[in-house]
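Thanks for coming. Please have a look at the model before I start.

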Amino acid sequence: CKAFNQFGEQKLEIHLTISTELVAHIHPQIQIINSGNSALLNCSIYGSEVNKIEWFHNGQELFANGRTERSLLSASTLKIDRVSKKDQGIYQCIVSNARSSAQGSSELKLGESPPEISYGFVEQNVRTSAYISLKCPPYVRAIGPITAVAGEPIEMHCPFSGHPIQSVRWIRGGNELVSGPRYSVADVKHGGYLKIYTVDPAQDRGPYTCIVTGPNGDEGRRELQLVVHSPPVIEPFAFPKIMKVGGRAQLTCSVSAGDMPIYFSWKKDGAPIAQDLHVSEKKEEFFSLLVLKDITARHSGRYSCFATNTAAQTNYTAELLVQVPPSWTQEPHDIAVVLGHPIVLPCEADGFPQPKITWFRGKGKLSTDFHSILSKNNSLSINYATSPDAGYYMCEAANGIGNSLKKIIHIDVNEAVHFDAPVKNVSARRNDAVMLECLALGDEPINIIWTHKNQRIDFNNYRYNIIEMKESVGVRSQLSISLTERYDSGKYVCTAENLYGTSEHVIYLAVQERPDAPSDLEVMEVSSRQIRLSWKRPYDGMSPVLSYLIQYQPVRLGKDPVVQDTHRSGPDGMIAVWDSPLTVNVTFSKVNMIKSSIDGGVRDETSIGGLLPATQYLLRMLAINEIECSSFTSPLVVRTQEEAPSEAPGSLKVKTGAMGELVLTWQIPSRATWNGELLGYTVSCVEERTNINFIANPSNISNTTLTVHGWATTKTSIANLKKFTRYALRIRTYNSIAPGPWSTVVYDEFVYPFEIKRTSNLETYLHALMKATNYSIQVLSFTLSGDGVASVPVYCATEEDGKWSTGDVRICLMICIARFPAASNFVR
């Protein structure tokens, strides 16, 4: 301290030493050691510097009598070897310095002592089979004091020995104790112990005598000392009900009963009281005063006072609830979010009682404009932020203590650029103008870029024009294309960007036109009446191909005198008039799709039926979409396969020829039924089973098949047939594939034997005739140019066995034709 004036100065120095109060404790405070064992006592010292440590036993300073069983391992640690009765009692550790002193105490109790033999067996010499008696008389050994706690039950066991033992009795004050309301005495079989149900210090402390009796009346007895300790009794205490921050409080932990000395300690919420809480304690012999100054929220909790003596440790707890006004632990603040994103704005406050958090929505900053809204876990939560969610909000924390906390914040909802629809399809006819439009929604400024097929559009091209218009919700951009071409088709991207994001609007433009003609038209398979075609799928003109049209007509060979025009086309030597009645149009809306194994492209195929066999056709095709038809493909020439003829030769007639010969004639079938090129005819001649002389023998059956070559032949003959036999005849055509159907069966009347005799005379004789046979005779004239007309037949019959005369028959030429006789006496 320095003081000065105009005459001089004075200075004084003072040294301040701050020391804490000395505290000493001996551990353990109570310990029981059996006789002959070692005991260890530790003196724990807390506080300022210690100048002196002294040890006392039952009030007497240790080491004064010079016993070697007691030694100091250190100034604060005492060791007692070979504990005996003299060592039991109270030990004190007294510490001191120049300003204060403190002491700690501990009680050492003596446990079991080793037995002492009061009677021994006498050494004897005996003869064999002699009777001897060895006895162990009743004996009760000495033990240390028995301790009990007041108010608690205790069992006192008599440490007897000997055999046999007949009874165990307990004596107190000259009276034998028996089982009753306060005591229970067990018999010998159950150990003979004495149980006191509730120990009363006034009535039960003191000596008890245990008497053990043998069968011969021998007794052993010992006086046992019962020491009753009273545990501390703490009087209830409590904090004031209303405690506010900045206030003061004190707790008095007072012990109204219990053995001395009593040691006090305090805990807060089960742990030692933290030093930074600045809680002080003042102790006296039977009470402890806890003082709390300048109370804060951290002082709230459960305070427990522990009182300990040689009997037990008891405690009592009081709870301090400090009423603390709200204070922010997580204060809300202004935020800005993007449209569509979630909002989670926490608002947390601490205090006691726990503050209630309430959110309000307002139209402005004035508190009267706010109304309460729902919150989730004390947080303002919005799953999907929209433009109406922007505005002022207020969080209030209140617990009824002091003024409530209020914080007004503002939420801005920024709209990232976006489009209502991400994709749009637009179509236009080729050579027409088209306008592509996108409306970018969001906060300005918005920048828009157009790309086509990932390339930025060059607006220096006169065909492109762009217009941008600002609207209340965003920016509208229009891209115009004049005179659209096929390459204008494809993906257009309108990319919009603002400060909060980027978005794309995709427009697929389809410039529609008529499709290309199918390419690579080829014949995959040909049959007699069907053709399977395949072609490479054409470009569809950005409009799906709805169907295909196939035109075909039979090929006409040679020169056509009609003047050529655009409707006539075909290979050299072939003229196709596509608008003629012969042209057939077939439309296919469904075709089969196949994949080409060569180029991996897509091919379609279909089949055309209802064609004529062995016919050459000229065909072409085109594709059709919603816009228009494509051009025709180049004509393709294809010839169908042949098949068996479908019609038999007509007007089959049979007449007799030379002996054993039939002559057949027929008409050529219609050319349309040939189904190819006719190679000839097949004639079947089968002996009729209805003949009288028919014999069913395979080797005897006459079955003749004759092949006639050449389609123009209409006459043939069959020779070497049986006489007087009826035959069934039929005919059919054949080509390179197969024969056609048979004609209707025609039967000849009979195969007659006949003979032709030529003569230049007017009469002649017929020889070598058969007997008993009818004959028909005709005469005709002949010249170099041919035969004339035959005369009317003249009939005659030869005799059976006699000679006969021809009469005066005069002819120029006689023809004799044999017939089957009408009578049954015909002999073949």
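If you number the bonded cysteines of the chain in sequence order, the pairing reads 1-2, 3-4, 5-6, 7-8, 9-10. A disulfide here is a pair of cysteine sulfur atoms within 2.5 Å, and a search of the whole structure finds five of them.

Two notes on method. This is a predicted model, in which local features need pLDDT of at least 70 and side-chain atom pairs count only at pLDDT 80 or more, while totals for chains, interfaces and linings use all residues. Residues are numbered from 1 along each chain as its sequence is written, and side-chain values use heavy atoms, with hydrogens and water left out.

C43 and C93 have their sulfur atoms 2.1 Å apart, and their link is left-handed, with -80° about the S-S bond. C43 sits in strand β5 and C93 in strand β10, 50 residues apart; strands are DSSP runs of E, at least two residues, and helices are runs of H or I, at least four, numbered from the N terminus. C43 is buried at 6% relative accessibility, and C93 is buried at 0%. Buried means under 20% relative accessible area, exposed over 50%, and partly exposed in between, with a 1.4 Å probe and protein chains only.

In the pair C158 and C210, the sulfurs are 1.7 Å apart. The S-S torsion is about -100°, so this disulfide is left-handed too. C158 lies in the loop between β14 and β15 and C210 in strand β20, so the pair ties together parts 52 residues apart in sequence.

For C347 and C395 the sulfur separation is 1.8 Å, and -85° about the S-S bond makes the link left-handed. Both cysteines are buried.

Next, the cores. A nonpolar core is a set of buried Ala, Val, Leu, Ile, Met, Phe, Trp, Tyr and Cys residues joined through side-chain atoms within 4.5 Å. The largest has 23 residues, and those with the most contacts inside it are F237, F239, L251, W266 and Y303. Strand β24 gives the most to this core, four residues. A second, separate core of 22 residues includes L436, W450, C494 and A496.

Last, which helix holds D204? D204 is in helix α1, residues 201-204, and is buried at 0% relative accessibility. Its side chain makes polar contacts, meaning N or O atoms within 3.5 Å, one able to donate a hydrogen and the other to accept it; residues adjacent in sequence count only if both atoms are side-chain atoms. The partners are the side chains of R182, at 2.8 Å, and Y183, at 3.4 Å.
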